Amino acid sequence: MSMNLRLRPETDRILAELAASEGVSKNQLIESAILEHAARASHRTRVRAAFDKVRTRDAEALDLLSR
């Protein structure tokens, strides 16, 4: 799928430098950044769900430990 991306000149310069330093195209770098961002967001959601589950399941024990 094709897409146009408008960047400020300074942002485009930084993108070009990063892509060159990693030996990839600007497109590849942007795609990689999007996928990494999505993975982090998914991880945060899973960690939050696990924390909420433990907090609910072990509420009494956590309360006793906090005293």
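Trainee: Why is D12 called partly exposed?

Mentor: This is a predicted model. In it, D12 has a relative accessible area of 30%. Buried means under 20%, and exposed means over 50%. The value for D12 falls in between, so D12 counts as partly exposed.

Trainee: What makes D12 and K26 a salt bridge?

Mentor: Their closest N and O atoms are 2.8 Å apart. The cut-off is within 4 Å. The pair therefore qualifies as a salt bridge. D12 sits in helix 1 (residues 9-22) and K26 in helix 2 (residues 26-57), so the bridge ties together parts 14 residues apart in sequence.

Trainee: Why is R57 called exposed?

Mentor: R57 has a relative accessible area of 54%. Exposed means over 50%, so R57 passes. Its salt-bridge partner is D58, with the closest N and O atoms 3.1 Å apart. D58 is at 26%, so D58 is partly exposed.

Trainee: What makes R55 and D52 a salt bridge?

Mentor: Their closest N and O atoms lie 3.2 Å apart. That is within 4 Å, so the pair counts. Both residues lie in helix 2, three residues apart, about one turn of the helix.

Trainee: How many salt bridges does a search of the whole structure find?

Mentor: The search finds six.

Trainee: How many helices and strands does the chain have?

Mentor: Three helices and zero strands.

Trainee: How do you know that the chain is more spread out than a compact globule?

Mentor: Its radius of gyration is 21 Å. The globule rule gives 11 Å for 67 residues. The value is well over that, so the chain is more spread out than a compact globule.

Key:
Residues numbered from 1 in each chain as written. Predicted model: local features only at pLDDT ≥ 70, side-chain atom pairs only at ≥ 80, totals over all residues. Heavy atoms only, no water. Helix = DSSP H or I, 4+ residues; strand = E, 2+ residues; numbered from the N terminus. Rg over C-alpha atoms; globule rule 2.2 N^0.38 Å. Salt bridge = Lys/Arg side-chain N within 4 Å of Asp/Glu carboxyl O. Buried < 20%, exposed > 50% of the residue type's maximum accessible area, 1.4 Å probe, protein only.
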